[in-house]
Amino acid sequence: MMEKMNFQSKNQASKLSAGTKWVGKWNKNPYRIIRTLGSGATGVVYLVETRSGQRAVKIGENKMSLTSEINVLKHFSKVRGNVLGPSLLDVDDIEIRGEMYPFFCMEYLKGEPLLDFAKKEERNGCLSLWCSF
């Protein structure tokens with residue numbers, strides 16, 4: 001079940017529009033896209049609204065492309081006493097035009113974009129210190 005979609009390619013879920021809604025195929029959790037956070041070789045990350053607030057969702061090209069990332073997030077959740085990364089909240093599939101795409105939902109950690117942070121640190125002279133380690 002999807003509403004308000006806009007695709008650039010019929011093979012991938014790379015350009016879903018803000019406002020797009022769907023329900024996960026297996027776990028039946030509802031999602032609504034707020035905006036795109038980023039994209040890469042293995043998929044696209046969206047900021048979404050869920051029943052429990054804002055989360056990040058990565059939709060991948062295929063299950064194999066997401067497996068290692070899911071395993072890392074699962075590993076983070078097993079480390080006690082230290083927060084190493086975002087919590088993995090859901091793993092499911094989304095059906096788009098008859099094709100299944102895997103996705104996972106994780107905690108959204110709000111912060112400064114990496115490039116903005118690096119530029120600011122470079123202006124402050126701190127980036128060269130980081131690079132020397």
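**Exercise 1.** At the start of H1, which residue has a side-chain oxygen that reaches to within 3.1 Å of the backbone nitrogen of Met64?

*Solution.* In this predicted model, the residue to look for is Asn62, whose side-chain oxygen reaches to within 3.1 Å of the backbone nitrogen of Met64 at the start of H1. The helix itself covers residues 63-78, and its 16 residues reach 22 Å from the first C-alpha to the last, close to the 22 Å expected at 1.5 Å a residue.

**Exercise 2.** Find which residues of H1 are buried, and what covers them.

*Solution.* Begin with the helix, where Ser65, Leu66, Ile70 and Leu73 are buried. An α-helix has 3.6 residues a turn, so residues three or four places apart point the same way.

**Exercise 3.** Decide whether Asp93 is buried or exposed, and trace its side-chain partners.

*Solution.* First locate Asp93, which has its place in strand E6. Its relative accessible area is 7%, and because this is under 20%, Asp93 counts as buried. Next follow its side chain, which makes a polar contact of 2.7 Å with the side chain of Trp26 and another, also given as 2.7 Å, with the side chain of Lys63. Beyond its neighbours within four places in sequence, Asp93 is also in contact with other residues, including Gly24, Met100 and Phe103.

**Exercise 4.** Classify the accessibility of Arg35 and name its contacts.

*Solution.* Arg35 lies in strand E3 (residues 30-40), and at 42% relative accessibility Arg35 counts as partly exposed. Leaving aside neighbours within four places in sequence, Arg35 is in contact with Tyr46, Leu47 and Tyr108.

Key: Residues are numbered from 1 along each chain as its sequence is written. This is a predicted model: local features need pLDDT of at least 70, side-chain atom pairs count only at pLDDT 80 or more; totals for chains, interfaces and linings use all residues. Side-chain values use heavy atoms; hydrogens and water are left out. Helices (H or I, at least four residues) and strands (E, at least two) are DSSP runs, numbered from the N terminus. The expected span of a helix is 1.5 Å times one less than its number of residues. Buried means under 20% relative accessible area, exposed over 50%, partly exposed in between (1.4 Å probe, protein chains only). Contact means heavy atoms within 4.5 Å. A polar contact is a pair of N or O atoms within 3.5 Å; within protein, one must be able to donate a hydrogen and the other to accept it, and residues adjacent in sequence count only if both atoms are side-chain atoms.
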